[in-house]
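Open the model in your viewer and keep the selection panel at hand. The stops below say what to select and what is there.

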Amino acid sequence: MRKEILKNLAAPLRRNGRLEGALRLTRLPGRGTRVIHQLVIPHATYSPWWADDEFQTTFKEVQSFTLVDVYRLYELWTLVEQLKNVDGDILEVGVWRGGSGCLLARKAKLVGLETTTVFLCDTFAGVVKAGAQDSEYTGGEHSNTSAEIVRRLAARLGLDNVRILEGTFPDETAHTIESGRFRLCHIDVDVYESARDVFEWCWTRLSLGGVVVFDDFGFHDCEGVTRLVTELATRADVLFLHNLNGHALLIKRPQNGA
Ligand SMILES: C[S@@+](CC[C@H](N)C(=O)[O-])C[C@H]1O[C@@H](n2cnc3c(N)ncnc32)[C@H](O)[C@@H]1O
C-alpha cells in the first residue's frame with residue numbers, strides 16, 4: 001500500500017519534468033549576479049532518520065527549541081559519529097533556544113566522546129554584524145531566547161558536556177575557551193561578517209579532517225553566508241560540499257589538496 005502511494009505520488013511528479021515545472025514557479029533571483037533561488041525538492045526517498053530510535057527520541061525533545069529542520073539536524077547527528085576519531089571539541093555559534101546544539105551534545109555522549117566539550121555560543125540578544133553583504137537580516141533577529149532556556153533544555157536531556165558562552169563570538173567570549181582543537185563547528189549566525197569571524201577563529205583550530213557546517217548557505221534570506229562560503233570554497237585547504245538541504249560543509253584537508 002505504502003509502496004503504491006510512494007510510486008504513484010513520486011513517479012508521476014517526476015515524469016516529464018512536472019515537479020521541476022511546478023518548482024520553477026518559485027524561482028527568485030538573488031541580489032548577487034548569478035545567485036538564483038528556487039524551492040529545492042530532491043527526488044531521493046531513503047530516509048534513515050526514521051530508523052534511528054535515538055535520533056527520533058532526541059528530535060522530539062529538541063524540536064520546539066530549534067529553527068533547524070529534520071534533514072539538517074540528522075546530518076549534524078551523523079557527523080558527530082563520523083568525526084569520532086578526529087581530535088577536538090565541538091563548537092556551535094548561533095544557538096537560539098538550544099535545539100541543534102543540545103542534539104549535537106546528546107549524540108557526542110551516545111558515541112562515547114566522554115572528554116569532548118560542546119561549546120554553545122550565542123549573544124542571546126539576537127543577530128549581530130548585519131551589513132551590506134546581507135539580503136534580509138538587519139540585526140537583532142532571534143532575540144526571543146535566553147541562556148537560561150538553553151541551560152534548562154540541557155539539564156532536561158541530562159547533558160553535562162555543554163558549556164554555554166553568552167556574548168558575541170569570537171569578540172567577547174572566545175578568549176574563555178582553553179581548548180586549542182576542534183573536530184566540528186556548526187555556524188548558524190545568518191549573516192556574512194559574523195560567519196566570517198567565526199570561521200576565521202575556528203579554522204586554524206580545526207583538526208585535519210574536521211568539518212565546518214554553515215547552516216545558512218542555501219537560503220535566500222541569508223545570501224551573505226552564501227557569498228562568504230563561495231569565497232571560502234576556493235581555498236586550497238578546503239573540500240567544499242553543497243548539501244541540497246541547504247548546508248554547506250567545508251572539510252579541512254592538507255594544503256596540497258591530497
Ligand atoms: C537562526 S538562530 C540559531 C538557530 C539554532 N541553531 C537552532 O537550533 O534553532 C541564529 C542565532 O545566532 C546568534 N548570533 C548571530 N551572530 C552571533 C555571534 N557573532 N555570536 C554569537 N551569537 C550570534 C543570534 O543571537 C541567534 O540566536
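**Around the ligand**

The shell of residues around the ligand divides into 10 nonpolar, 9 polar and 3 charged. Here Ala, Val, Leu, Ile, Met, Phe, Trp, Tyr, Cys and Pro count as nonpolar, Asp, Glu, Lys and Arg as charged, and the others, Gly among them, as polar. This is a predicted model, in which local features need pLDDT of at least 70 and side-chain atom pairs count only at pLDDT 80 or more, while totals for chains, interfaces and linings use all residues. Residues are numbered from 1 along each chain as its sequence is written.

Select T66, G94, W96, S100 and V189: of the 22 residues around the ligand, these come nearest. A residue is near a molecule or strand if its C-beta atom, placed from the backbone, lies within 6 Å of it. Next, colour α5 and β4 (118-122), each of which supplies at least two residues of the shell. Helices (H or I, at least four residues) and strands (E, at least two) are DSSP runs, numbered from the N terminus.

**Helix α4 against α5**

Select 70-82 for α4 and 99-110 for α5; their axes are 9 Å apart and the packing angle is about 30 degrees. Axes are lines fitted to C-alpha atoms, for helices over the stretch in contact, and angles run from 0 to 180 degrees between N-to-C directions. The angle therefore makes α4 roughly parallel to α5 (under 35 degrees; over 145 is roughly antiparallel, 65 to 115 roughly perpendicular and the rest oblique).

Show side chains for L73, L76, W77, V80 and E81 of α4, which make the contact with S100, L103, L104, K107 and A108 of α5. Contact requires C-beta atoms, placed from the backbone, within 7 Å. By class, this contact has 7 nonpolar, 1 polar and 2 charged residues.

**Helix α3 against α5**

On the α3 side pick E54, T58 and V62, which meet G99, C102, L103, R106 and L110 in α5. These residues divide into 4 nonpolar, 2 polar and 2 charged.

**The two domains**

Zoom out and colour domain 1 (1-45) and domain 2 (51-252); the bounds come from an automatic or database domain assignment. Taken over C-alpha atoms, their centres are separated by 28 Å. Domain 1 gives 8 residues to the contact and domain 2 gives 6.

Conventions: Two residues are in contact if their C-beta atoms, placed from the backbone, lie within 7 Å.
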